[in-house]
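Subject: Structure handover

Hello,

Here is the structure for your files. My notes follow below it.

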Amino acid sequence: MAAGGGRGRAGGAHRDDVAHPVRITTDAFYLWHFGNAYEQGDTLVVDYVRYPDFTTNQWLGELVRGPTSLDAKGMLHRAVVDLKARTFRTEQRADLSCEFPRVAPGVVGRAHQTLYLGVHRSDEARRGLFDGVARMDMATGRMTTASLGEDTYPSEPVFVPRPGGSAEDDGWVLTQVFDAKTDTSHVAVLDARHLEDGPVARCHFNHALPPTFHGGFATER
């Protein structure tokens, strides 16, 4: 969405006219992942994890060998993009290092209130794998975090709606977890409305799985 150096460009195009994108000059930054985006009048509202530069790639490269020499720098932002006025306004929405923002599947591409993320729960943790998951209320600014236990490292949180439910927090959050103490992995299940209470269930593997980036959920066919 933006390039390196002093200035960058944000871009967007109507899905029915992708041959004519609109490009807007912005301060330079880098991003890996969007959480969601939706139309609001003549603007686009975009939630994403923003980095000040591309040193995130160095951090990621060092991570496979152990603690990194750099702090993770990704912060949750909300941008408002006016394609007609060609303006890009962005605001940091949380103070914890984070990544892998997700919304409930029923609000993808629509206005949402809740984001689920992987987080570093302290500044000291920012030189290692994410050590918690979080629920962010974009309306109130309240972030609720959950630990999966000492020396455990969750992957991207995936929201699974409760059958018949429609609220963005009426369901469960699934995340694959690596337990460094036992060198094993499991899938943790958390109540999305009571994330801070920790897992309500764990599904254990009999071996370790490498920490992953992304996850998904499909109902039984």
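For the cut-offs, buried means under 20% relative accessible area, exposed means over 50%, and partly exposed is in between, with a 1.4 Å probe and protein chains only.

Some ground rules before the rest. This is a predicted model, in which local features need pLDDT of at least 70, side-chain atom pairs count only at pLDDT 80 or more, and totals for chains, interfaces and linings use all residues. Residues are numbered from 1 along each chain as its sequence is written, and side-chain values use heavy atoms, with hydrogens and water left out.

**Backbone**

Asp151 has a positive phi of about 60° although it is not a glycine. Its place is in the loop between strand 10 (143-147) and strand 11 (152-154). Helices (H or I, at least four residues) and strands (E, at least two) are DSSP runs, numbered from the N terminus.

Asp183 also has a positive phi, of about 55°, and is not a glycine. Asp183 sits in the loop between strand 13 and strand 14. It is partly exposed, with a relative accessible area of 49%. As background, most residues other than glycine have a negative phi.

Strand 3 (residues 30-40) and strand 4 (residues 43-51) pair in the antiparallel sense over eight bridges. Pairing requires that DSSP finds at least two bridges between two strands. The two strands form a hairpin with two residues between them. Gly41 in that turn has a positive phi of about 65°. Phe34 stands opposite Tyr48 in strand 4.

**Cores**

The largest nonpolar core has 25 residues. A nonpolar core is a set of buried Ala, Val, Leu, Ile, Met, Phe, Trp, Tyr and Cys residues joined through side-chain atoms within 4.5 Å. Leu76, Leu115, Leu117, Met136, Val173 and Leu190 have the most contacts inside this core. Strand 4, strand 8 (114-119), strand 9 (132-137), strand 13 (171-179) and strand 14 (184-191) each give two or more residues to it. Strand 8 supplies the largest share, four residues.

Leu76 touches, among others, Tyr48, Glu91, Arg93, Cys98, Leu115, Leu117 and Met136, not counting residues up to four places away in sequence. Contact here means heavy atoms within 4.5 Å. There is also a second, separate core of 10 residues, which includes Val22, Ile24, Ala79 and Phe88.

**Pro154**

Pro154 lies in strand 11. It is buried, with a relative accessible area of 9%. Its contacts include Phe130, Val133, Leu148, Thr175 and Val177, again not counting residues up to four places away in sequence.

**Pockets and cavity**

Definitions first. On a 1 Å grid over the protein atoms alone, a cavity is a set of points where a 1.4 Å probe fits but cannot get out. A pocket is an open set with protein on both sides within 12 Å along at least five of seven lines. Lining residues have an atom within 4 Å of a point. Grid points are joined across faces, edges and corners, and a volume is the space filled by probe spheres set on the points.

The largest pocket holds about 770 Å³ of space. Of its 26 lining residues, Ala13, His14, Glu39, Leu44 and Leu83 are the closest to its centre. Strand 3 gives the most to this lining, with five residues. By class, the lining divides into 13 nonpolar, eight polar and five charged. Ala, Val, Leu, Ile, Met, Phe, Trp, Tyr, Cys and Pro count as nonpolar, Asp, Glu, Lys and Arg as charged, and the others, Gly among them, as polar.

The second largest pocket has about 530 Å³. It too is lined by 26 residues, and the closest to its centre are Trp59, Leu60, Leu63, Leu129 and Phe213. Helix 1 gives the most to this lining, with four residues.

A search of the whole structure finds one cavity of 30 Å³ or more. The largest cavity holds about 40 Å³ of space. Tyr51, Thr55, Thr56, Trp59, Leu70, Asp71, Ala72 and Lys73 line it. Helix 1 (residues 55-63) gives the most to that lining, with three residues.

Best wishes
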